[in-house]
Amino acid sequence: MKVIKLISSVPLLCAIAFSSFGQTKDVVINGTLTNMKEMPSKIYLVYIPILNLKPDSAQVTDGRYELLGSTGGVIASATLTTDLKAKGGKNTIGIMLDKGELLLTSDGDLQHTKASGPAAGPQLEYAAILQNLLDSVKVLKKLEDSEPFRTDQALQTKIQARKIALFKAGLEQIMYYPLTHQNSVLTPYLTWSMLNNSMTKVELVDSLYRNLPANTPEIFKVEVAKIKEAADKREADFNAKVKASNEKTPLGSKAPEFTMNNTEGKPVSLSSFKGKYVLLDFWASWCGPCRGENPNVVKAYNTYKDKGFTVLGVSLDGGGQKNAWLEAIKKDGLTWTEVSDLQGWKNDAAKLYNIIAIPQNFLISPDGTIIAKNLRGEELQKKLATLFK
């Protein structure tokens, strides 16, 4: 048996569907609850909305319950919860359903649940996908609880970057799982789930769609086709915006001038950095990919700041997010000039440069000419190395 924990950021969260046209009870969940602070009187099984199935429920007696559920003819995600109004937390876990008997033993709360029995295969298979991620998160959690972490800003920045990298790696593993496990009972659900996830890479959407197994239940085929059509439209719209953005600020053009207040409320103009190479960096405290890229920008800044290079950060944080912006600057070690009008996507500089996604940056030469765009990771380091030989 394996312990199954739900990571809230992983797309296994489900909504409630209240209408159905009858349900075939083809799964039996026998559960045991031990060491619970508050023993629930009732427990619910809530299905993903496309199955159009009513929630199932069962009484809890002496810490035990028996739920008669439905797979709806498919393998799917469900939520086992003690409260239909609950929104995540320790009283909710995600489970994969298969026909037959599933044994669940929860110790302390539902997040600490062991699965076994004839129908436990899909659940354990999904847990195995996340095992490396879970193990790494535990290690990082120990570091965050340590005394050095509380006082070492460099360590905090390093751990933050590592957490983001781990999440991206874990998500990518799930994204590509359907392509490498065509015979898995999880593949139809994970394909639907990944196509539904805005973080799924654009180039992966078509591959997931084209490689949907032939024996995929019709309900998933219909939903996946709808998602693919919507994704194609979004991509076309996005490409049109990118084209418009490139036409507005093409390479070789003069960088549009703007003035905006820094963290102390004092106005700063882009032109005040004339004579230096400037990385104009659009980001926000709430943007995971931006925060993940910050350590790379810090490295570049520290390497070339004494050679005529600097960074001007423009935050797309909104109203009421000033503290989050300032905290992110401190936590990520951004020691260069940062500005923002705290207008979110309506940021005046962002509109001037036609920013449609972040992180996004522009490398500006000493005479104010845009010489490169969207330099990330090693691309930024290599470009700067050619400028400062």
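Predicted model: local features only at pLDDT ≥ 70, side-chain atom pairs only at ≥ 80, totals over all residues.
Student: What share of the residues is buried?
Tutor: A residue is called buried when its relative accessible area is under 20%. By that criterion, 47% of the 389 residues in the protein are buried.

Student: How should I read the nonpolar cores, and which residues touch the most other members of the largest one?
Tutor: As a general idea, nonpolar side chains in soluble globular proteins tend to be buried together. Here the largest nonpolar core holds 57 residues, and Ile-29 and Tyr-65 touch the most other members. Leaving aside residues up to four places away in sequence, the contacts of Tyr-65 include Ile-29, Ile-43, Val-60, Leu-80 and Leu-104. There is also a second, separate core of 45 residues, with Val-278, Ala-328, Leu-334 and Ile-370 among them.

Student: How does the reach of helix α6 compare with the expected span?
Tutor: The expected span is 1.5 Å times one less than the number of residues. Helix α6, residues 218–248, has 31 residues and reaches 45 Å from its first C-alpha to its last, close to the 45 Å expected.

Student: Which residues of α6 are buried, and against what do they pack?
Tutor: Phe-220, Val-224, Ile-227, Lys-228, Ala-231 and Ser-245 are buried in α6. The buried residues of this helix pack against α4, α5, β15 and β16.

Student: Is Gln-381 buried or exposed?
Tutor: Gln-381, found in helix α10, has a relative accessible area of 10% and therefore counts as buried. Not counting residues up to four places away in sequence, Gln-381 touches Asn-296, Lys-299, Ala-300 and Tyr-304.

Student: Where does a cis peptide bond occur?
Tutor: A cis peptide bond joins Ile-358 and Pro-359, with omega at about 5°. Pro-359 is placed in the loop between α9 and β15.

Student: What is the phi of Asn-354, and where does Asn-354 lie?
Tutor: Phi of Asn-354 is near 55°, a positive value in a residue other than glycine. Asn-354 lies in the loop between α9 and β15, and at 23% relative accessibility this residue counts as partly exposed.

Definitions and conventions:
Residues numbered from 1 in each chain as written. Heavy atoms only, no water. Buried < 20%, exposed > 50% of the residue type's maximum accessible area, 1.4 Å probe, protein only. Core = buried A, V, L, I, M, F, W, Y, C linked by side-chain atoms within 4.5 Å. Contact = heavy atoms within 4.5 Å. Helix = DSSP H or I, 4+ residues; strand = E, 2+ residues; numbered from the N terminus.
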